[in-house]
2 protein chains.
Amino acid sequence: MAENLSESSNPILGPDPADESLTRAVVGRDQTGRKVEMRVIEERPLTIYLNRTEVVTAMTIGDHPELLALGFLANQGMLARGEATAVEYDDDLAVVVVRTAKETDYEAKLARKVRTSGCAVGTVFGDMMEGLEGLRLPEARVRVADLYALAHKINTMPSLYLEAGAIHGTVLCEGTRPLVYMEDVGRHNAVDKVAGWMLQEGANPANKVLYTTGRLTSEMVIKCALMGIPALVSRSGFTAWGVEIAQKVGLTLVGRMRGERFICLSGQERLEWPE
Amino acid sequence: MAENLSESSNPILGPDPADESLTRAVVGRDQTGRKVEMRVIEERPLTIYLNRTEVVTAMTIGDHPELLALGFLANQGMLARGEATAVEYDDDLAVVVVRTAKETDYEAKLARKVRTSGCAVGTVFGDMMEGLEGLRLPEARVRVADLYALAHKINTMPSLYLEAGAIHGTVLCEGTRPLVYMEDVGRHNAVDKVAGWMLQEGANPANKVLYTTGRLTSEMVIKCALMGIPALVSRSGFTAWGVEIAQKVGLTLVGRMRGERFICLSGQERLEWPE
């Protein structure tokens with residue numbers, strides 16, 4: 001266990017429960033009518049632009065807006081690695097603009113589809129699905145003992161969840177080390193912020209595991225697959241379409257992980273038990 | 001407790017865990033490598049049209065598509081009570097069309113905003129906020145003992161949650177009776193299905209309480225307020241913006257309700273304790 005407590009097991013980027021801009025003190029009553037003061041999570045709109053095109057308004061806690069914008073666009077298939085030339089965040093306007101050297105294909109595509117369908121929401125989802133075609137995740141070994149060590153570390157690490165609750169976490173891990181721990185009011189934002197970090201750093205996804213506190217829905221599975229990460233782990237449960245997509249792309253999907261119990265519904269051939 | 005178990009305490013409309021179309025049997029492995037079979041929740045796209053205008057594609061378990069469409073449009077401020085002349089559901093296409101006698105204001109508005117902003121997501125949220133202006137929820141008494149009785153009933157009622165997990169529930173309640181219990185992979189869908197039922201039945205919101213398993217985010221608080229229900233209760237936690245909006249519209253907001261403990265962060269003047 002000594003290694004687990006060493007400096008190198010701290011995440012490179014993690015939650016900052018001490019950041020006062022992420023929570024707000026509120027006063028209320030408990031079940032006895034007694035006055036209580038508590039801290040609750042902030043939730044703010046952030047509008048993401050790709051060059052001159054407004055793409056989406058996300059509800060977020062507001063930390064790492066640049067990574068959220070990069071990761072969101074990457075997971076939508078609107079931005080490839082190395083394509084972003086600048087990321088500008090305006091705190092007052094609550095706007096992030098991601099710039100590319102020339103207008104991307106996506107902007108023309110969005111404009112065209114909006115004209116025919118009235119709203120881009122369906123389009124956005126369709127584009128995520130398109131990115132999965134022919135995708136096959138890399139071979140990898142996933143040590144069951146590592147998963148237990150990771151879950152223990154993540155659950156006991158200082159976090160906004162432990163501070164104020166009502167928040168989801170997603171953690172990029174390598175071996176037994178949580179590398180990047182992101183939290184947000186929407187679980188898709190937490191995973192997009194991780195994706196933004198990977199894009200920015202040019203991180204290799206093949207030797208990583210993604211841990212999430214949220215359910216293993218189709219959206220979460222698709223994002224993990226598009227990020228090229230071969231294993232997705234959660235303390236929560238599954239949806240049928242999430243399982244189906246995971247099986248199609250060869251993603252190891254581990255859910256309901258509590259203590260040393262879990263269920264694996266896809267890619268169990270990657271799992272490695274102790275001798 | 002006899003009254004709690006009487007026939008009249010059953011919901012009018014509730015989860016149907018026996019409906020095999022809502023879950024799928026899948027085979028996997030547990031932590032020992034042993035083969036396990038379990039049922040997981042289905043998750044399907046459903047596209048909602050208002051007349052000829054495509055509005056949104058929602059990911060849903062697929063029950064009550066007509067109520068989901070009605071409630072979604074009502075909560076977006078796109079549809080008033082009595083305005084829908086027909087609701088057509090096509091199972092094969094996974095499409096619901098809500099028809100009105102004449103084209104609604106919203107369609108022109110959506111077309112105009114889409115042209116200027118590229119995507120309607122921000123617009124949709126903005127419209128929900130607009131609906132809150134000047135809104136003040138009705139006076140009401142909320143008996144703390146009723147909340148405990150409701151939570152106990154809801155937690156022990158047959159549900160897809162108890163059957164397969166990974167799903168959110170929202171329950172429209174009156175006194176100690178759960179009237180309509182809706183479940184869905186997205187908590188916003190569960191509350192929209194409740195809104196659809198209220199619209200269809202012309203239900204009076206002033207004497208109701210809305211119970212949800214999900215967090216008390218801005219979206220959940222806004223929907224409850226737009227539905228005219230004066231109290232929102234959850235076992236989960238709060239976000240700061242959710243609390244702020246609740247205080248603004250005079251909504252009683254009770255969270256972290258477990259057993260006979262809770263926190264109330266807005267509208268505590270409605271709460272009534274036993275003598």
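The following exercises concern the two chains of a predicted model and the side on which they touch. Local features rest on pLDDT of at least 70 and side-chain atom pairs on pLDDT 80 or more, while totals for chains, interfaces and linings use all residues. Residues are numbered from 1 along each chain as its sequence is written, and chains are lettered from A in the order in which they are written.

**Exercise 1.** Determine which rotation superposes chain A on chain B.

*Solution.* Superposition is by least squares on the C-alpha atoms of residues with pLDDT of at least 70 in both copies. A rotation of 180° with 0.0 Å of shift along its axis brings chain A onto chain B, with RMSD 0.0 Å. The two copies are therefore related as by a two-fold rotation axis.

**Exercise 2.** Describe the side of chain A that touches chain B.

*Solution.* Residues are in contact if their C-beta atoms, placed from the backbone, lie within 7 Å. By this criterion, 52 residues of chain A meet 51 residues of chain B. Among the elements that each supply at least two residues are β1 (23-30) and α3 (105-117) of chain A; helices (H or I, at least four residues) and strands (E, at least two) are DSSP runs, numbered from the N terminus. The largest share, six residues, comes from β4(A).

**Exercise 3.** Identify how β13(A) and β1(B) pair.

*Solution.* Pairing requires that DSSP find at least two bridges between two strands. β13(A) and β1 (residues 23-30) of chain B pair in the antiparallel sense over two bridges. Within β1(B), Asp30(B) is the bridge partner of Ile263(A).

Terms used. Contact = placed C-beta atoms within 7 Å.
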